[in-house]
Amino acid sequence: MTERLALFPLGTVLFPGLVLPLHLFEDRYRRLVGDLLEQPEPRGFGVVGIELGHEVGEGAAHRLAEVGCLAELREVTPHPDGRYDIVAVGARRFRVKELDRSRPYLRGEVEFLPEEPGADPEPAAARVRRLFRSYRRRLGAAGAGPLEEVEAPGDPVELSYAIAASLVLDGHEKQRLLEHEDAALRLEAEGELLARENRILDVLPMIPAGQFLDGSFTPN
């Protein structure tokens, strides 16, 4: 069963549980927020990653990812000139089945995807928790400063998204994590990515700015 959803193409990947602040100034996205505010709560729009192209400006063109994430609108701050500052939180994944360009902003027929733990996710989850602790220690040693202790979610689905949001990766790798069918597969992939990033930090320290590290991930 499909549902019609307003779509917001972005150059970043939104994961369930991740806080997304946006400053909206283009007419089409001001119109999008205005239309959302006329709807009953909960209000939401779909965030889809841009695989090729750019996201803003007249004539913006892009190739979009097939899998995106519903963003639930939590806060809206209007400005006198019509701009909006909004805060949304990633909720559910979806697959875009068909695009609708009949309005100033993009809409799509989407199919929401199940959130399954997968087959025996605990071994991969335990490895990811251990590697993520090492990752944070290496970030501190690389100059990120003292990092507050963060309790990783116990639920494997929430954990898989929290780690995906925290890792500093290119957009294509993040998109692949979003598209994994279940948490077990996502956690297995994250274990390999964390092992790789730990090796890189041992040789070439850097200071990435992961969303999970700065508190912008929420399990709600």
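Predicted model: local features only at pLDDT ≥ 70, side-chain atom pairs only at ≥ 80, totals over all residues.
Let me start at the N-terminal end of helix α4, which is capped by D170: one of its side-chain oxygens lies 3.1 Å from the backbone nitrogen of H172. For reference, a polar contact here is a pair of N or O atoms within 3.5 Å, where within protein one must be able to donate a hydrogen and the other to accept it, and where residues adjacent in sequence count only if both atoms are side-chain atoms. Helix α4 itself covers residues 171–179, and E173, K174, Q175, L177 and L178 are buried in it, buried meaning under 20% relative accessible area, exposed over 50%, and partly exposed in between, with a 1.4 Å probe and protein chains only.

Residues are numbered from 1 along each chain as its sequence is written, and side-chain values use heavy atoms, with hydrogens and water left out.

Stepping back, the chain has five helices and seven strands, these being DSSP runs numbered from the N terminus (helices H or I, at least four residues; strands E, at least two). Their order from the N terminus is β-β-α-β-β-β-β-β-α-α-α-α. Of the 220 residues in the chain, 47% are buried.

Now to the salt bridges, of which the whole structure holds 18; the term means a side-chain nitrogen of Lys or Arg within 4 Å of a carboxyl oxygen of Asp or Glu. One of them pairs R103 with D35, the closest N and O atoms being 3.6 Å apart. R103 sits in the loop between β6 (84–100) and β7 (107–112) and D35 in helix α1 (residues 27–37), so this pair ties together parts that are 68 residues apart in sequence. R103 counts as partly exposed at 36% relative accessibility, whereas D35, at 15%, counts as buried.

Which residue does R127 meet in a salt bridge? The partner is E192, with the closest N and O atoms 2.9 Å apart. Because R127 belongs to helix α2 (residues 122–144) and E192 to helix α5 (residues 183–203), the pair ties together parts that are 65 residues apart in sequence. R127 is partly exposed, with a relative accessible area of 29%.

Between the strands, E111 and K97 form a salt bridge at 3.8 Å, N to O; E111 lies in strand β7 and K97 in strand β6, so parts 14 residues apart in sequence are tied together. Finally, R4, D100, R107 and E109 are linked in a network of salt bridges.
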